[in-house]
Amino acid sequence: MDDMKKDLISSLKEREQVLIKLNEACPVCMDPYTPGTAYFLTNCTHVMHKECIKGYITSEIDGGKPEITCVDPKCKKLLAPEDVFRNTSDD
Ligand SMILES: [Zn+2]
Ligand SMILES: [Zn+2]
């Protein structure tokens, strides 16, 4: 693993630790985060569970949405489903 990727992963772990400490809830299921469950979107600052983002994207695709946007209704950033599935499949 190269250093850049290692840095990225450790900063995501730190961000996840902060969420857990603040007892932040996932916007999809309203449950708090536990270690290794948070997924940080790459196009905006929003975060949710890995399982929740995968379920959300799957239901949007099943619903025939041509473009999938962030879970937050006020945030219009587009999601890249292939990135999400790639980034959530390695654990
Ligand atoms: Zn959730
Ligand atoms: Zn967003």
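Biologist: Leaving aside neighbours within four places in sequence, which residues is isoleucine 53 in contact with?

Modeller: Bear in mind that this is a predicted model. Contact here takes C-beta atoms within 7 Å. With sequence neighbours within four places set aside, the contacts of isoleucine 53 are Tyr39, Met48 and Val84.

Biologist: Which element supplies the largest share of the largest nonpolar core?

Modeller: That core has 12 residues, and Ile53 is one of them, along with others including Tyr33, Leu41 and Val71. Both β1 (38-40) and α2 put in at least two residues each. The largest share is three residues, and it comes from α2.

Biologist: OK, on to the helix pair. At roughly what angle do the axes of α2 and α3 cross?

Modeller: The crossing is a left-handed one. On the α2 side, the contact is made by Lys50, Ile53, Lys54, Ile57 and Ile61, and on the α3 side by Pro81, Val84, Phe85 and Thr88. The two axes come within 10 Å, and the crossing angle is roughly 145 degrees.

Biologist: And by class, how many residues in the contact of α2 with α3 are nonpolar?

Modeller: Lys50 and Lys54 of α2 take part in this contact, and lysine counts as charged. By class, there are two charged residues, one polar, and the nonpolar ones number six.

Biologist: Now cysteine 52. Is it buried, partly exposed or exposed?

Modeller: Cysteine 52 sits in helix α2. Beyond its neighbours within four places in sequence, cysteine 52 is in contact with Cys26, Val28 and Cys29. A residue needs 20 or more other C-beta atoms within 10 Å to be buried; cysteine 52 has 19, so the label is partly exposed.

Biologist: How far apart in space are cysteine 52 and cysteine 29, C-alpha to C-alpha?

Modeller: In sequence, 23 residues separate cysteine 52 and cysteine 29. Cys29 is among the contacts of cysteine 52. Their C-alpha distance in space is 7.2 Å.

Biologist: What about lysine 74: buried or exposed?

Modeller: Lysine 74 is found in the loop between α2 (50-62) and α3 (81-88). From lysine 74 to proline 32 is 42 residues in sequence and 21 Å in space, C-alpha to C-alpha. Since 12 or fewer other C-beta atoms within 10 Å makes a residue exposed, and lysine 74 has 6, lysine 74 is exposed.

Biologist: Last one: how far apart are the end C-alpha atoms of helix α1?

Modeller: Of the 20 residues of α1, one is buried, so the helix lies largely in the open. After α1 comes asparagine 23, with a positive phi near 60 degrees. At 1.5 Å a residue, α1 (residues 3-22) should span 28 Å, which agrees with the distance between its end C-alpha atoms, 29 Å.

Key. Residues numbered from 1 in each chain as written. Chains lettered and ligands numbered in written order. Predicted model: local features only at pLDDT ≥ 70, side-chain atom pairs only at ≥ 80, totals over all residues. Helix = DSSP H or I, 4+ residues; strand = E, 2+ residues; numbered from the N terminus. Expected span 1.5 Å × (residues − 1). Core = buried A, V, L, I, M, F, W, Y, C linked by C-beta atoms within 7 Å. Contact = placed C-beta atoms within 7 Å. Axes fitted to C-alpha atoms, helices over the stretch in contact; angles between N-to-C directions. Left-handed = near helix turned anticlockwise from the far one by under 90°.
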